[in-house]
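This briefing is intended for a reader who has the model open alongside the text. Please consult the sequence and the structure as each topic is raised.

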Amino acid sequence: MHGTPSSRPDPAPQAPGPAPYAASDAASRGREHVEPLASHRGEFRRDRERIIHCTAFRRLEYKTQLFVNHEGDLFRTRLTHSIEVAQVARRIAHHLGLNEQLSEAIALAHDLGHTPFGHAGQDALNRCMQDHGGFEHNLQSLRVVDRLELKYPQFAGLNLTFETREGILKHCSKKNAKMLGTVGRRFLERTQPSLEAQLANIADEIAYTSHDIDDGLRAKLITVTQLRSGALFDEHFGAVESEFPGLGWRRKIFEAVRRIRNQLTLDLITASRAAIDAAGVGSLDEVRTHDRALIRFSDPMREKNQALKDFLRKHLYRHYRVHRMNRQAAKVVCDLYGAFSEDIRLMPDEHHGLATVAGERRGVSERARVISDYISGMTDRYAIAEHRRIFNAKII
Ligand code: MG
């Protein structure tokens, strides 16, 4: 365990207290509906707690990350993925003196708008919604926390702070940004979000590249030999093999993946700290108006990480077995959309009622949006069961 880069201790923590460019509860731009301050717990912690208590968060347990939920108990789901992202995000925030509660809230909420069946489900729903504004999971995450969660007597949605909502909206077209008010403005003005938002975005990437290696190997879709064609995996797996030659296969893989995640995280902390120092930003406002994002990998690590992502795209995400499952998943989503569009009475009363009102008052695209909300909220197994109930056929 001695002498390898990945086994070095964490970089020294910042001096106690938040950095001047961190987001702070006191300087928050606030919530759309004014509420009494959460004096005993802080605003971003309150956001985090509201996210954990919401229905869409619990549903993440039964939504696909890469594998359809019922394929095995050991694979990541969107819930465990989101928890891993939160873990990485908090660690980075801690070392950079940023707001840990805010970065965790963003990380936990970042996938709330995902459809069943991962990207295959999203792409299918987007095709179905082509004439009605399309479907994008990132925008849908914001829609979930702003409108769809009906929990509190005083408002629809979770009434989260501007900073958490800004972090959830990672990317957005100009057309959509114009309709989103203040939270969409940065996409029109080309400014940056908070550092907490920037790091939650990269923490997502660190979490999925490392856990997809583990899940891909477990599913036997990729092999260690294939993975060793890439520098990042080869370097760490080789080190583990020479340090622990007698170790079991699974523990070797876990240790190599752990070291990769660790190295990516430490590189991000070091390179971001250097970028922040070089930019000389002294406040969150200066972070926002800086000409580029300050949370970043070093150039050599960005290249290695990109090579790993390219490998996973080619050998894992486009594997024929994944593709076959994706085709079936897309068919489930398209069939459901087609059936509900043709006859909205096929939807449960609550959704049927909403679709009727939306159609009568605001037209066909609003009606389609209600159908899309219903489908995107489904878990994998609920979508499969609905499909079976409506079409009386076993597809997955
Ligand atoms: Mg994610």
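The model is predicted, so local features are reported only at pLDDT of at least 70 and side-chain atom pairs only at pLDDT 80 or more, whereas totals for chains, interfaces and linings use all residues. Residues are numbered from 1 along each chain as its sequence is written, and side-chain values use heavy atoms, with hydrogens and water left out. Helices are DSSP runs of H or I with at least four residues, numbered from the N terminus. Buried denotes under 20% relative accessible area, exposed over 50%, and partly exposed the range in between, with a 1.4 Å probe and protein chains only.

**Metal site**

- The magnesium ion is coordinated by H81 (NE2), H110 (NE2), D111 (OD) and D204 (OD), at 2.1 to 2.7 Å.
- Donors are N, O and S atoms within 2.8 Å of the metal (3.2 Å for Na, K and Ca); water is not among the atoms, so sites may look incomplete.
- Along the sequence, the spacing of the donor residues is H-x28-H-D-x92-D.
- Distant parts of the chain are linked here: D111 belongs to the loop between α4 (100-109) and α5 (118-128), D204 belongs to helix α10, and 93 residues separate them.
- Both D111 and D204 are buried.

**Helix α12 and its surroundings**

- Helix α12 (residues 231-243) comprises 13 residues and reaches 18 Å from its first C-alpha to its last, close to the 18 Å expected at 1.5 Å a residue; the expected span is 1.5 Å times one less than the number of residues.
- Its buried residues are L232, F233, H236, F237, A239 and V240.
- These residues cover an arc of only 155 degrees around the axis, which puts them on the same side of α12; the arc is taken from the directions from the helix axis to the C-beta atoms.
- The cover over the buried residues of α12 includes α10 (195-218), α11 (224-227), α13 (249-279) and α15, where contact means heavy atoms within 4.5 Å.

**Helix α15**

- N305 is placed in helix α15 (residues 299-317).
- N305 counts as buried because its relative accessibility is 3%.
- Leaving aside residues up to four places away in sequence, N305 touches E205, T209, L232, L264 and F297.
- Y317 also lies in helix α15, and its relative accessible area of 26% makes Y317 partly exposed.
- Y317 and L139 are 178 residues apart in sequence, and their C-alpha atoms are 23 Å apart in space.

**Aromatic pairs and charges over rings**

- The structure holds 5 aromatic pairs; rings of Phe, Tyr and Trp (its six-membered ring) pair if their centres lie within 6.5 Å, with planes under 30 degrees apart counted as stacked, over 60 as edge-to-face and the rest as tilted.
- The rings of F237 and W249 form an edge-to-face pair, because their centres are 5.7 Å apart and their planes stand at 75 degrees.
- This pair links distant parts of the chain, with F237 in helix α12 and W249 in helix α13, 12 residues apart.
- F237 is buried, at a relative accessible area of 1%.
- Another edge-to-face pair is that of Y374 and Y382, at 6.4 Å centre to centre with 80 degrees between the planes.
- Y374 is buried at 6% relative accessibility, whereas Y382 is partly exposed at 32%.
- F233, F237 and W249 are joined by ring pairs into a cluster.
- The charged end of R389 sits over the ring of Y382, 5.6 Å from its centre; this term requires NZ of Lys or CZ of Arg within 6 Å of the ring centre and within 35 degrees of the ring normal.
- R50 lies over the face of Y152, at 4.9 Å from the ring centre.

**Helix α1**

- In helix α1 (residues 43-53), the buried residues are E43, F44, R46, D47, R48, R50 and I51.
- The buried residues of α1 pack against α2 (55-59), α3 (78-96), α4 and α7 (162-168).

- F117 is not a glycine, yet has a positive phi of about 65 degrees; F117 lies in the loop between α4 and α5 and is buried at 3% relative accessibility.
- K220, likewise not a glycine, has a positive phi of about 60 degrees; K220 lies in the loop between α10 and α11 and is exposed at 68% relative accessibility.

Definitions and conventions: Helices (H or I, at least four residues) and strands (E, at least two) are DSSP runs, numbered from the N terminus.
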